[in-house]
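Welcome, and take a moment to look over the structure below. The short tour that follows begins with a pair of aromatic residues and then moves on to the helices.

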Amino acid sequence: MTTWPVAELHVHIEGTLEAELLVQLARRNDVTLPTTDPTELRRRYAFTDLQSFLDIYYANLTVLRTAQDFYDLGLGYLERAAAGGVRRAEIFFDPQVHINNGVPLDAVFDGLGGALRDGSSSTGVSAELIMCFMRDLGPEAARETLLAALPFREHFIGVGLDSAEVGHPAGLFRDVYQMAAAEGLHRVAHAGEEGGPDYVWEALDILGVERIDHGIRALEDPHLMVRLRDQRIPLTVCPLSNVCLKAVGRLADHPLPAMLDEGLLATINSDDPAYFGGYVDDNIAAVQRELGLDDELIATIATNSFRASFAGPAQRSLWIDEVRSTLAATQGATARAGSERT
Ligand code: HPA
Ligand code: ZN
């Protein structure tokens, strides 16, 4: 099985909180969980939609209290990501959850910042943070969060928009995205996960985002498809997440192949790997198996991920060369195996 070099552009650091670490942090911080058996905790991760996931996800985050907790979480993700082929990670975090849990913002930035510094040097993964606003808490709370985070400006490269989508359109966040742009921050937003194409249009036209997170429902609008294709707007697709949250019935029905056929700059990502059954390499393996994507298409997706990343052009082209040599090696190995059989 090939481990593909890839950029992960859609992963919530809070969604990498594995049940074992959850239990360990609950003990460390004297937080009571419904059970301390990781298998039993995972058994409860059976979701009917985005909100049913968010309810459990936010409840679990009460175990994160100190800079050390955030450090352990961040380092654990980078080590696992590196083993799965990740060369570049642009990692979401949700400061509003932690502020609302009484955690000072400097503990969040100290812990995650330290994890990225140490983890980048120990694993070789190039990593940056993108700060998300929770759309269900509204635009004024988002503005306050950005202002509170500006003293830590060097710790993050962009802003995003996540949490419950339907009923909370992107356009409400125009002013805070304008402030972020004025600070030189990159701008992305979740859109078209549960919400329809209108949510994607608003993210593009009103927020001026550079990437769309998810975006699977964009396929319902041919004009939107033209816009995404012509402007090369990347979509950070999360196949296992879409199945777990019932945005897609079965992986075999996932629109990823149609998105690639339409010439969209689609990438594969894990979203919340501790909850949805796997990291980015697991997502790649699953779509290869269930959707029959061949190695060339996976190489296209991996190349897309580096093109879509906010890393510098020289670094991106080195990674893209690496994808090319991985494809050549994989095809060579397949050809050798074929000739040995004949
Ligand atoms: N969608 C919206 N908000 C989220 C998600 C998601 O998939 N994961 C964590 N916060
Ligand atoms: Zn997400």
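Tyr-57 and Tyr-275 are both buried, where buried means under 20% relative accessible area, exposed means over 50% and partly exposed lies in between (1.4 Å probe, protein chains only). Before going further, please note that this is a predicted model, in which local features need pLDDT of at least 70, side-chain atom pairs count only at pLDDT 80 or more, and totals for chains, interfaces and linings use all residues. Residues are numbered from 1 along each chain as its sequence is written, chains are lettered from A and ligands numbered from 1 in the order in which they are written, and side-chain values use heavy atoms, leaving out hydrogens and water.

**Aromatic residues**

Rings of Phe, Tyr and Trp (its six-membered ring) pair if their centres lie within 6.5 Å; planes under 30 degrees apart count as stacked, over 60 as edge-to-face and the rest as tilted. By this rule there are 14 aromatic pairs. Two of them are set out here.

| Pair | Distance of centres | Angle of planes | Kind |
|---|---|---|---|
| Phe-53 and Tyr-275 | 5.4 Å | 75° | edge-to-face |
| Tyr-57 and Tyr-275 | 6.0 Å | 70° | edge-to-face |

Phe-53 belongs to helix α3 and Tyr-275 to helix α13 (residues 273–276), so their pair ties together parts that are 222 residues apart in sequence. Helices here (H or I, at least four residues) and strands (E, at least two) are DSSP runs, numbered from the N terminus. Tyr-57 also lies in helix α3, so its pair with Tyr-275 in helix α13 ties together parts that are 218 residues apart in sequence. Phe-53 is buried at 3% relative accessibility, and Tyr-275 is buried at 4%. Tyr-45, Phe-47, Phe-53, Tyr-57, Tyr-58, Tyr-275 and Phe-276 form one aromatic cluster.

**Helices side by side**

Helix α1 (residues 19–29) has buried residues, including Leu-21, Leu-22 and Leu-25. The buried residues of α1 pack against α2 (38–43), α3 (50–60) and α4 (67–83), with contact meaning heavy atoms within 4.5 Å.

α4 in turn packs with helix α6 (residues 105–123) at an angle of about 30°, their axes 7 Å apart. Axes are lines fitted to C-alpha atoms, for helices over the stretch in contact, and angles run from 0 to 180 degrees between N-to-C directions. That makes α4 roughly parallel to α6; angles under 35 degrees count as roughly parallel, over 145 as roughly antiparallel, 65 to 115 as roughly perpendicular and the rest as oblique.

How do α15 and α16 run, roughly parallel or roughly antiparallel? Helix α15 (residues 295–307) and helix α16 (residues 313–341) pack at about 170°, with axes 9 Å apart, which makes α15 roughly antiparallel to α16. Among the residues in this contact are Ala-299 and Phe-306 of α15, and Trp-319 and Leu-327 of α16.

**Positive phi values**

Most residues other than glycine have a negative phi. Just after α1, Asp-30 takes a positive phi of about 60°. Arg-232, in the loop between α10 (222–230) and β7 (234–237), has a positive phi near 50° and is partly exposed, with a relative accessible area of 43%. Lys-246 sits in the loop between α11 (239–244) and α12 (256–261). Its phi is positive, about 65°, and Lys-246 is exposed at 53% relative accessible area.
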